[in-house]
Amino acid sequence: MAPGIKDKVAIIGMGCTRFGELWDKSPEDLMVDAFKEAIDDAKIEKKDIQAAWQGGPEFVAVSLGDSACPLAETLKLPYIPVTRVENMCASGSEAFRAACYAVAAGACDIAMALGVEKLKDTGYGGLPEFSHYSTIGVKNRIIGANQTAPGMFAMLATRYFGRYGISPQDGKKMLAAVSAKSHHNGALNPKAHLRREVTIEQIVNAPIVAWPLGLFDCCGVSDGSAAAIVCRADMAKQFRSDPVYVKSLQIAATSGAEQMYTDYDYTHVETTTRAAERAYAEAGIKNPREEISMSEVHDCFSITEAVTMEDLQFSPRGKVMDDIMSGRFNLDGAQPCQPDGGLKCFGHPIGASGIRMIYEMYKQLQGKADKRQLKNPKYGLTHNLGGIPYRSVVSIIIVGH
Amino acid sequence: MVGITSYGAYIPLQRINRKIIANATGWSTSATSLPGEKAVANYDEDSVTMALAASTDCLTGFERNKVGGLYFATTTPPYRERQSAGIITTALDLRPDIRAADFTDSVKAGTHALLAACDAVKAGSEKNIVVCASDCRLGRPGSAQEVIFGEGGAALMVGDTDVIATLEGSYTLTYDFTDQWRADGEKFNRIWEDRWVRDEGYTKFIPEAINGLLKKYKLNIKDFAKVVIPCIYLREHQGITKALQLDEKQVQKEMLTTVGDTGTANSLMMLVAALEDAKPGDKILVTSYGNGADAMFFQVTDHIEKARNRRGIKKHLASRKDLANYERYLSFRDVIPMEAGFRGEVGPTRLALAWRERRTILALCGVRCKHCGTPQYPSQRVCVNPKCGKIDEMEYYRFSDKKAKLFSYTSDVLAYSVSPPEMYGVLDFEGGGRYAFNITDCVMESLAVDMLMEMSFRRKYVDSVRGIHGYFWKAVPPRA
């Protein structure tokens with residue numbers, strides 16, 4: 001049995017831009033901004049980086065083009081190995097995973113992962129229409145339903161409410177509590193896209209986008225970039241006294257069964273569930289509800305976050321509503337979720353999100369989370385979902401001291 | 001003996017009351033005072049999809065492999081060059097080695113196709129030919145034709161075994177009488193002066209065709225249980241039946257006030273309605289009108305009792321929903337160019353892929369694993385059953401005729417639709433298999449988890465950059 005990645009890799013520097021509708025920033029600007037902060041934080045020079053991975057799905061290909069060349073030529077990386085990786089919204093985590101494996105394998109000493117997204121050049125409010133951008137492939141454009149991301153996740157809510165006997169009204173309130181909590185945290189975060197508190201009532205009464213999800217149940221789209229610099233664990237203390245260690249890197253991809261086989265129940269996400277099981281085993285976590293101090297999960301939609309709490313074993317199946325309504329996942333709760341505002345409020349520049357999640361966990365573990373600082377966090381977990389509930393790739397990363 | 005062996009029909013769900021049209025356009029012209037309502041094809045329907053629906057009804061209980069031909073009659077095909085009948089045969093999952101033909105350019109083409117099919121079967125060239133007809137003609141806003149035209153489809157199977165109504169004879173008239181016309185490339189129909197159309201065409205040709213038939217076969221009009229005369233003018237329709245001295249019960253009820261003038265499908269839909277109520281021994285006289293007139297007569301046999309389980313006209317007439325908005329009606333056929341926004345743009349169609357995947361796309365065929373028996377859509381080589389996973393042990397499996405339970409669904413205002421909101425859901429098919437489809441012809445309030453749905457062939461998108469109409473299947477609440 002392979003020993004896994006636990007304590008083999010350390011994060012020695014990170015950078016993250018403001019996320020938002022950054023009309024005056026090009027994707028190149030964003031890459032440089034994240035990169036500068038990261039190497040300053042690590043106190044290294046560009047020439048110390050020996051390999052780099054860029055996370056970027058379809059949409060950044062539209063702004064920047066394919067391959068690793070955009071990253072390499074923008075940062076003027078000196079003929080080192082550079083690769084662009086893609087797994088939809090989990091691309092940032094994918095880049096981080098690749099960089100970690102490189103240093104753990106001894107292929108190089110120091111590697112960088114950078115995620116970037118420039119969604120606001122597409123001209124859409126929301127994700128660009130699937131028919132033009134081939135995120136789902138040409139055949140799926142013909143036989144796949146004409147649908148949007150909110151709608152595909154909304155179908156989780158319909159089934160979840162029905163299965164657990166939650167009325168639409170109570171269900172909407174539960175979802176609203178998820179978003180209200182994230183808005184509170186985002187308001188405390190100077191880098192967040194949305195920095196305004198919103199009430200449960202405002203959220204429940206907002207216009208419907210895809211029933212039962214309303215405007216405030218859906219994260220917006222943002223521009224931004226984030227970067228991480230990693231090295232082998234035994235080298236970390238050369239760079240700083242407070243490195244953050246990678247405890248687990250797991251992903252799980254759909255087998256196709258959720259979409260075409262009738263076992264899948266549309267009240268959980270199978271990929272999250274399986275990746276989490278493997279992640280906890282790899283990190284030696286026996287009781288996630290007690291041991292995972294904080295998390296950044298993929299709250300593209302409020303229902304996603306709710307269901308993810310169960311998939312991550314933070315809440316028992318069918319019972320997350322109790323935990324949400326009692327404030328367990330609030331900033332001052334027992335198991336804070338989205339301390340930086342999450343996708344909902346920090347923003348969702350797709351290629352960057354996976355690395356931004358790690359950025360918050362990193363800052364929290366170093367005691368640098370400012371007004372959002374949690375008390376003595378031990379383990380942080382990031383959950384990054386590329387795709388839709390029934391056709392996804394999910395990444396789970398656990399970091400700690 | 002050769003004749004009709006099965007029948008089917010289709011009427012779109014939505015009906016618009018003619019008063020609504022009059023209210024919207026009456027300021028511009030003195031709109032016709034035609035009463036009743038007309039059937040309106042949804043934005044995702046066209047002559048091909050409606051003909052397919054009628055053909056499916058007609059093929060109830062019939063093995064698709066045994067169909068020997070398909071003739072499609074329309075004056076509104078989606079392409080000027082690309083056989084519509086071929087799209088229909090592929091979607092019906094028929095064999096490729098059969099005769100398929102489009103009959104077009106005249107609203108009389110419906111009966112042309114029917115007679116040609118009977119001739120072909122009689123000559124022994126083919127067996128079991130499906131004749132289907134449908135039209136989506138447009139009159140300009142404010143025109144009388146806009147009020148008169150309606151949309152629907154009919155299908156009849158022609159064969160020589162278990163015939164339910166034998167073709168006994170026909171008499172056809174071909175006249176280049178240009179009362180209504182539409183040149184190549186034009187969107188809207190044109191019409192000459194109504195008075196001339198009625199006096200010189202409609203009220204002359206139909207009696208001429210009928211009398212020609214009666215004389216040819218030495219028949220008396222009293223011999224007929226039902227006489228089908230397409231109705232394009234209410235008063236003149238009555239006038240013709242009176243002049244022929246028909247009993248009221250002999251006159252097949254007009255559909256102008258409930259569906260509208262459906263072009264090539266007009267007479268054939270009335271024929272289907274007649275067959276629904278016909279008894280063994282009945283003689284049915286059918287006429288059509290358009291650049292002349294056709295007349296033919298059928299003799300109903302004992303086998304008619306076996307063909308009662310069709311949706312036909314009755315069930316489709318009863319299954320209806322009011323379309324209360326004139327502007328929305330205009331948007332269905334792109335008569336008013338509504339703003340679609342960026343989300344309305346359609347990416348290019350890859351025809352080589354569409355050809356390779358034609359059974360998956362047009363016929364909604366997936367596969368069933370021979371090892372574990374799991375049906376799955378779309379076609380796969382590796383079995384999706386987590387406990388199986390066998391490679392290349394698949395057989396073709398048709399999903400288009402299967403009902404399905406609605407596992408989950410949503411109603412989406414963000415996704416682009418000509419007629420928002422866009423609805424979609426996850427369907428679990430009876431017998432196995434699951435996939436997500438768009439849902440049409442309903443409102444969200446009528447949907448519920450676990451309700452039964454059926455599949456409907458629709459025009460899913462139009463790739464206007466490359467001039468391609470993209471067809472696929474959507475889920476609908478069962479019509480009957």
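Trainee: How many bridges pair β1(A) with strand β8 (residues 244–253) of chain A?
Mentor: This is a predicted model in which local features need pLDDT of at least 70, side-chain atom pairs count only at pLDDT 80 or more, and totals for chains, interfaces and linings use all residues. Residues are numbered from 1 along each chain as its sequence is written, while chains are lettered from A and ligands numbered from 1 in the order in which they are written. Helices (H or I, at least four residues) and strands (E, at least two) are DSSP runs numbered from the N terminus, and two strands pair if DSSP finds at least two bridges between them. For β1(A) and β8(A), which pair in the antiparallel sense, the bridge count is three.

Trainee: Which residue is the bridge partner of Ile11(A) in β8(A)?
Mentor: Strands of a sheet pair through backbone hydrogen bonds, either parallel or antiparallel. In β8(A), the residue bridged to Ile11(A) is Val244(A).

Trainee: And which residue in β7(A) stands opposite Gly15(A)?
Mentor: β1(A) and strand β7 (residues 223–232) of chain A run antiparallel and are joined by seven bridges. Opposite Gly15(A) you will find Ala227(A).

Trainee: How many residues of strand β1 (residues 9–16) of chain A are buried?
Mentor: A residue is buried if 20 or more other C-beta atoms lie within 10 Å of its own, exposed if 12 or fewer, and partly exposed in between, with C-beta atoms placed from the backbone. The strand β1(A) is mostly covered, and the number buried is eight of eight.

Trainee: Is Cys69(A) buried, partly exposed or exposed?
Mentor: Cys69(A) sits in helix α3 (residues 69–75) of chain A. There are 13 other C-beta atoms within 10 Å of Cys69(A), so the residue is partly exposed.

Trainee: Is the crossing of helices α6(A) and α12(A) left-handed or right-handed?
Mentor: Axes are lines fitted to C-alpha atoms, for helices over the stretch in contact, and angles run from 0 to 180 degrees between N-to-C directions. Helix α6 (residues 149–163) and helix α12 (residues 302–311) of chain A have axes 8 Å apart and pack at about 55 degrees, which makes them oblique (under 35 degrees is roughly parallel, over 145 roughly antiparallel, 65 to 115 roughly perpendicular and the rest oblique). A crossing is left-handed if the near helix is turned anticlockwise from the far one by less than a right angle, and right-handed if clockwise. The way α6(A) passes α12(A) is left-handed.

Trainee: Which residues in α12(A) do Phe153(A), Leu156(A), Ala157(A) and Tyr160(A) meet?
Mentor: Two residues are in contact if their C-beta atoms, placed from the backbone, lie within 7 Å. Those four residues in α6(A) meet, in α12(A), Ile303(A), Thr304(A) and Val307(A).

Trainee: Which element gives the most to the side of chain A that touches chain B?
Mentor: In the contact between the chains, 33 residues of chain A touch 42 residues of chain B. Elements supplying at least two residues each on the chain A side include α5 (138–143) and β5 (208–210). With seven residues, the element that gives the most is α6(A).

Trainee: Which strands stand at the edges of the open sheet of nine strands in chain B?
Mentor: The order is β5-β4-β6-β7-β1-β8-β13-β12-β11, with mixed pairing. One side of each edge strand is left without a neighbour in the sheet, because each has a single partner strand, and the two are β5 (99–104) and β11 (226–228) of chain B.

Trainee: Which residue in β13(B) is the bridge partner of Leu167(B)?
Mentor: Strand β8 (residues 165–174) and strand β13 (residues 292–300) of chain B run antiparallel, with nine bridges between them. Leu167(B) has as its partner Phe298(B).

Trainee: By class, what residues make the contact of α2(B) with α3(B)?
Mentor: The axes of helix α2 (residues 47–58) of chain B and α3(B) come within 10 Å and cross at roughly 45 degrees. Ala, Val, Leu, Ile, Met, Phe, Trp, Tyr, Cys and Pro count as nonpolar, Asp, Glu, Lys and Arg as charged, and the others, Gly among them, as polar. The contact of α2(B) with α3(B) has six nonpolar, two polar and no charged residues.
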